[in-house]
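Trainee: Could you pick one part of this model and take me through it closely, then show me how side chains link up elsewhere? I'd like the cut-offs along the way.

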Amino acid sequence: MEKKYFIETFGCQMNVHDSEKIAGMLRDLGYVEGKTKSEADIIVFNTCCIRETAETKIMAKIGDTKALKRANPNLLVVVCGCMTQQKGMAELLKKRFPFLSLVIGTHNLEEMEEYIKEHNKKFRAVVWDNEKAIREDIKMYRTSDDNAWVNIMYGCNNFCTYCIVPYVRGRERSRKIEDIAQEVENLAKENKYKMVTLLGQNVNSYGNDFKDGTNFVTLLKRLCEIKGNFKISFMSSHPKDFSFELIDFIASHQDKMSINLHLPVQSGSDEILKRMNRRYTSAHYKELVDYIYKKIPNATLSTDIIVGFPGETEKDFEDTLDLVKYCKFASIFGFVYSKRQGTPASTFENQVSAKVKKERITRLFELEHSLQKETLKNYVGKTYDATIVKGDKGDELAKTHFNKLIRIDAGNYEIGREVSVLVEKLDNDLLYGKVVG
């Protein structure tokens with residue numbers, strides 16, 4: 001019988017892509033993907049620790065596998081990812097879940113295949129303290145449909161006071177341009193990926209560790225030379241490093257570059273931005289936004305916002321709402337501030353109450369909804385290039401290059417087909433249209 005694996009992924013797109021690497025390693029060992037945990041011979045929890053709520057959820061999920069291990073003593077249960085890299089976490093996991101097989105840190109995730117080969121039914125924790133050379137020989141099993149994730153760098157040097165990522169992902173390390181280009185060229189040859197998304201904790205600082213003048217635009221120039229029917233997007237960006245040179249490059253290469261840009265602002269208050277150690281001001285952020293809309297008028301902009309950061313006053317929050325109105329974001333990923341032990345912000349005074357945080361996040365989303373509704377009205381009566389995608393209910397949708405979904409009449413369209421869609425109406429915040437070409 002075939003051995004089966006089941007991977008449960010928590011957290012960001014970086015973790016999603018890490019799970020594709022894990023799947024590649026497991027398939028290399030002869031495993032095939034299982035649909036449920038109960039039928040798996042190995043279960044991998046790829047964890048996140050960006051918020052305490054995520055960690056609590058993960059612990060509960062791990063606990064649920066105890067019964068499966070009891071029913072199948074040969075079951076391997078592996079925990080890896082950002083949560084395991086925290087100091088003392090491996091010991092805590094062993095004590096709390098003695099049925100675990102392996103605990104692996106972020107710096108040695110790519111050694112998982114060897115650890116599984118060597119496993120002798122005894123608990124083993126391997127968490128390297130420091131990052132080592134980037135490995136380029138890891139196979140991966142891509143699971144994100146017509147989007148292909150491509151790591152361009154690892155780690156983070158920013159040390160935002162609320163964020164634990166630099167402590168669990170290590171310092172910034174960039175992949176060589178030609179290694180990245182080779183991966184993208186191979187993807188282009190497969191001719192099934194409409195989007196190649198470049199990943200890094202801060203892609204805008206790509207190449208800083210090379211110290212030879214190489215930067216993110218240098219990389220993009222090389223990737224845009226690659227022939228193929230795909231576009232390039234990237235995440236995440238940091239406003240302090242998001243350059244006018246980058247905006248100019250995107251504006252002049254819209255045949256290859258996605259103009260759906262994600263630029264996390266986190267707050268519209270200069271005082272809060274300073275306490276967050278973001279190293280830019282709201283004025284500089286607005287300057288970037290102004291330049292984006294000037295050079296790329298049809299660009300869509302999304303952002304991240306943290307509500308209720310320690311010391312946030314009503315005036316600080318009002319500044320954030322004002323910035324949201326100014327920037328006309330297509331979408332907002334809003335989060336209530338959550339303490340993370342080991343980060344400076346967890347020790348800050350003037351922690352905001354849960355009641356106030358809940359009230360503010362509600363106001364933020366209400367504003368987002370009202371602004372989006374006004375924006376959606378502008379789409380009616382216009383025609384857009386789009387790609388046919390499958391919706392959550394199995395229906396056919398048209399997805400524009402700026403990530404808007406348009407509901408269309410069923411026509412047995414091939415998934416991935418490029419079409420032109422006329423938006424006919426807006427109903428209950430949903431766009432409806434018809435294929436016209």
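Mentor: Two strands pair if DSSP finds at least two bridges between them; strands (E, at least two residues) and helices (H or I, at least four) are DSSP runs, numbered from the N terminus. This is a predicted model, where local features need pLDDT of at least 70 and side-chain atom pairs count only at pLDDT 80 or more, while totals for chains, interfaces and linings use all residues. Residues are numbered from 1 along each chain as its sequence is written, and side-chain values use heavy atoms, leaving out hydrogens and water.

Let's zoom in on strand S3, which runs over residues 42-47. S3 pairs with strand S1 (residues 3-9) in the parallel sense, over five bridges. To find that pairing on screen, look for Ile-7, which stands opposite Val-44 in S3. S3 also pairs with strand S4 (residues 76-81), again in the parallel sense, this time over six bridges. Here your landmark is Ile-42, whose bridge partner in S4 is Leu-76.

Now for the side chains of S3. Six of its six residues are buried (under 20% relative accessible area with a 1.4 Å probe, protein chains only; exposed is over 50% and partly exposed is in between). Ile-42, Val-44 and Asn-46 point one way from S3, while Ile-43, Phe-45 and Thr-47 point the other way. Both sets are buried, Asn-46 and Thr-47 included.

Next, the charges. The whole structure has 28 salt bridges (a side-chain nitrogen of Lys or Arg within 4 Å of a carboxyl oxygen of Asp or Glu). One of them joins Glu-55 to Arg-340, with the closest N and O atoms 3.0 Å apart. Glu-55 sits in helix H2 (residues 52-63) and Arg-340 in the loop between S14 and helix H14 (354-377), so this contact ties together parts that are 285 residues apart in sequence. Glu-55 is buried at 14% relative accessible area, and Arg-340 counts as buried at 5%.

Compare that with Glu-185 and Arg-222, whose closest N and O atoms are 2.9 Å apart in their salt bridge. Glu-185 belongs to helix H8 (residues 177-190) and Arg-222 to helix H9 (residues 216-223), so the parts tied together are 37 residues apart in sequence. Glu-185 is partly exposed at 23%, whereas Arg-222 counts as buried at 19%. Asp-241 and Lys-240 meet in another salt bridge, at 2.8 Å from N to O. There's also a network: Glu-312, Glu-314, Glu-318, Glu-359, Arg-360 and Arg-363 are joined by salt bridges that share partners.

Last stop, the rings. The structure holds eleven aromatic pairs (ring centres of Phe, Tyr or Trp, its six-membered ring, within 6.5 Å; planes under 30 degrees apart are stacked, over 60 edge-to-face, the rest tilted). Tyr-280 and Tyr-285 make a tilted pair, 6.4 Å centre to centre with 35° between the planes. Tyr-285 also forms a tilted pair with Phe-329, at 6.4 Å and 55°. Tyr-285 lies in helix H12 (residues 282-295) and Phe-329 in the loop between helix H13 (314-327) and strand S14 (331-336), so that pair ties together parts 44 residues apart in sequence. Tyr-280 and Tyr-285 are both buried, and so is Phe-329. Elsewhere, Tyr-162, Phe-309, Tyr-337 and Phe-348 form one aromatic cluster.
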